[in-house]
Amino acid sequence: MVKLDLTQVNNVFRKKEKEMDDVVPEEEDVDASEFEDDDFIPTKIKNRRPKEDNFTQQRLASINLVFTPRNTLPLYLLVAAVFVIVGGCLLAQSSRVNEITLFYQDCMTAAPTGDFQDMPDDHFNYIFHKHKDFNTKPQWKFVDDPTDDFHERGTCQLRFTIPEEIKKTVYVNYVLEKFAANHRRYVLSFSEDQIRGKRPSLHDVRSNTGINCKVLGHDENGKLIYPCGLIANSMFNDTFPYELQNVQDSSKNFSLSNRRINWHSDKNRYKKTKYNHTEVVPPPYWARSFPDGYNETNMPNIHEWEEFQNWMRPAAFDKQTKLIRKNPNDTLPAGEYQIDIGLHWPVTEFNGKKGVFITHGSSIGGRNPFLGEVYLIGGCICAAMALVLMLAWVMGGRKIADPNSLSWNKSDSGLLK
C-alpha cells in the first residue's frame, strides 16, 4: 500500500496553477466598426482652470496712492463746495414751501357758537415765504348738533386767510399729537388675512403668532369683528369736506379729493373681504358710523378706502401727519377760505392735539430744512479739515509724505542701493 505525502501533493497543484497564470491568452482583434455609432456624442471634459485674462490670473496692475497735502486739499475743498451748494439749494427750495396749521382739539368748549372769533395764538401756525410779516389771525366757530349725545360732536368751522397762492399739488392733512401709535401691542394688533381679503375664522385671527387680534377680535356675543384689532378700532374719523369754501365768492370754492392719497402699492395688499355681512360686526368705536351694524350695502371695501389704508400704517412717533384730501390739478388762489370739520375723534382724554395742515408739494417734498442743514454742516466740516491740513502743511518743518524722503531714493544713504 502506497502512502501519499500531502505536502508533495499540494506543491504539485500550486506549481500547475502558477504555470496556468503565466500563460497569457492571445487577444482577438477588435473591429473598430463596433464602436461606430451615429448618436455618439463625445463627453466634454470640464476644465477647472480659470479663464486666461488679467483679472482671473491676478495680473492686474496695482496702484498704491500716496496721499499728500497737494492732492488731499483739493479733494476736501471739492467735497465742501459740492455739499455747501447742494445744502443751499435744498434750504432755498424748502423755504419756498407755504403751509398753515390750525389746531381745533378744544373747539367744542372754547370756540364761540355765535359769530366767528380769533383763534388763540397757540392754536395756529403759518409760514408764507413772500409775506413773512403776515399776521392775520384765523377764526373759528362751533356749531352744535343737539341730536348727537356723544361727548365729541358737532362741527368746527375754521376760517383762514391766504395772502399768496399755494401752488399745486395742494395737500390737506390731519395732525395728531401725543397719540403714541408706536406701542408694540398696538402696531401688532390687526389681521393680515383680513386685510388681504381672506376669510379667517375667529380662531385664526386670535391664535396667530405675533400679529393677531387677541384684543378686539370678537364682540361680547362672540361674533367676529371686521376689521379686527386696536389699529382699525381707533381709526381717525373726523369728517373733512370735499372743498374749501371761498368766503367772499362761493363760486370760487376750491375742490378736494380723497383719491390717490396713499401709496399706489397699497391696493396690492388691501382687498375686498369675502365675509358675508351676517358673519361679522364693526369695531366698537365705529358704532357712530354703523349704528345698526353691517348690511348688504354698507360693508366697507378696504380695497378702495384709502383713508383706512393710510391709518393702518402707524406712525413712528407720537406726532403724526396723514394725508386725507388733495387737489393735484389746481393752484389755491389767495383769499379767505372756510373748512368745516365734523368732530368725532376725542383727544382731550390723553391731553392730545388735533388739527388740519394745508401745504403744497415741491421738488424735494414738504417744508423740512433738516436735509439742507445736514449738507451745509458736512460741507463746513470738510472746509475746516482742509484748513487744518493746510496750516499743518505750511507751518510744519518737514514735508508731509514726500516720496523723495524714502530711503531707497537717497543716493547717500547706503541703504537698499
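**Disulfides and an open sheet**

Two disulfides (pairs of cysteine sulfur atoms within 2.5 Å) turn up when the whole structure is searched. The model is predicted, so local features need pLDDT of at least 70 and side-chain atom pairs count only at pLDDT 80 or more, while totals for chains, interfaces and linings use all residues. Residues are numbered from 1 along each chain as its sequence is written, and side-chain values use heavy atoms, with hydrogens and water left out.

Helices (H or I, at least four residues) and strands (E, at least two) are DSSP runs, numbered from the N terminus. The link of Cys107 and Cys156 is right-handed, with 95° about the S-S bond. Cys107 is buried at a relative accessible area of 0%, and Cys156 is buried with a value of 0%. Here buried means under 20% relative accessible area, exposed over 50%, and partly exposed in between, with a 1.4 Å probe and protein chains only.

Cys213 and Cys228 form a disulfide with their sulfur atoms 2.0 Å apart. The torsion about the S-S bond of Cys213 and Cys228 is about 70°, so this disulfide is right-handed. Cys213 sits in the loop between helix H6 (202-207) and strand E7 (224-225), and Cys228 in the loop between E7 and helix H7 (230-233); the two cysteines are 15 residues apart. Cys213 is buried, with 0% relative accessibility, and Cys228 is buried at 2%.

Counting bonded cysteines along the chain, the disulfides follow the pattern 1-2, 3-4. Cys380 is in no disulfide, and the nearest cysteine sulfur, that of Cys382, lies 9.4 Å away. Cys89 has a relative accessible area of 49% and is partly exposed.

The strands can be followed next. Five of them make an open sheet in the order E3-E1-E13-E6-E11, with antiparallel pairing; two strands pair if DSSP finds at least two bridges between them. Strand E3 (124-127) and strand E11 (319-327) stand at the edges with a single partner strand each, so one side of each has no neighbour in the sheet. On average, neighbouring strands of this sheet are turned by 15° against each other, direction ignored. That angle is taken between axes, which are lines fitted to C-alpha atoms (for helices over the stretch in contact), and angles run from 0 to 180 degrees between N-to-C directions.

Within the sheet, strand E6 (residues 170-177) runs antiparallel to strand E13 (residues 353-360), and eight bridges join them. Val172 stands opposite Ile358 in E13.
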